[in-house]
Amino acid sequence: MTRWLQLVSGLVAGAAALGVFQVKYRAESLADQVASLQRDVDQEKEKLLLLKAEWSYLIQPARIQKLAENFYSRLQLQPLEAGQITSIDLLPERPVSVETGNDGDTENALGLEAGLGATITGSLPQGHGVSQ
């Protein structure tokens with residue numbers, strides 16, 4: 001009887017040792033994954049800081065003024081007038097979006113293919129945000 005007890009105890013001890021090693025290796029694997037993810041997070045934070053610094057440089061008023069002066073003739077820029085500034089409730093409503101047909105054909109949905117001569121036009125009231 002004691003032989004069977006010793007044999008069962010040995011098997012239980014061996015199974016427990018294998019279980020402990022399996023848990024140990026799984027924990028090490030998870031620790032490696034956590035370290036890898038932490039490195040990725042740190043790299044993304046570093047990229048974000050770099051992008052914020054670049055954005056700060058790009059939106060400097062002096063830099064934008066210099067670019068505007070350099071490309072004045074090409075962009076046909078005009079100074080902002082006080083009459084162009086308005087409140088949000090005075091802006092025109094957003095135009096209705098064009099739905100495409102079942103086959104994804106935008107022209108057909110607009111009636112262009114059927115010869116209806118549909119045109120899409122949009123205009124803003126004078127003095128409300130856009131100079132013409």
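Colleague: Which residues form the nonpolar patch on the surface, and how much accessible area do they have together?

Modeller: W55, Y57, L58, I59 and I64 form that patch, with about 500 Å² of accessible area together. A patch joins residues with over 30% relative accessible area and no salt bridge, nonpolar side chains (Val, Leu, Ile, Met, Phe, Trp, Tyr) within 5 Å and like charges within 9 Å; areas come from the Shrake-Rupley method with a 1.4 Å probe, only the protein chains shown counting as cover. This is a predicted model, in which local features need pLDDT of at least 70 and side-chain atom pairs count only at pLDDT 80 or more, while totals for chains, interfaces and linings use all residues. Residues are numbered from 1 along each chain as its sequence is written, and side-chain values use heavy atoms, with hydrogens and water left out.

Colleague: Which helix gives the most to the nonpolar patch?

Modeller: Helix α1 (residues 2–58), with three residues; helices are DSSP runs of H or I, at least four residues, numbered from the N terminus. L58 has its place in this helix and is partly exposed at 31% relative accessible area, where buried means under 20%, exposed over 50%, and partly exposed in between.

Colleague: How many salt bridges are there by the rule?

Modeller: A salt bridge needs a side-chain nitrogen of Lys or Arg within 4 Å of a carboxyl oxygen of Asp or Glu, and the count comes to one. K47 pairs with E44, their closest N and O atoms being 3.7 Å apart; the two are separated by about one helical turn because they are three residues apart in helix α1.

Colleague: Is Q84 buried or exposed?

Modeller: Q84 counts as buried because its relative accessibility is 14%, and it is found in the loop between α3 (72–75) and α4 (106–110).

Terms used:
Buried < 20%, exposed > 50% of the residue type's maximum accessible area, 1.4 Å probe, protein only.
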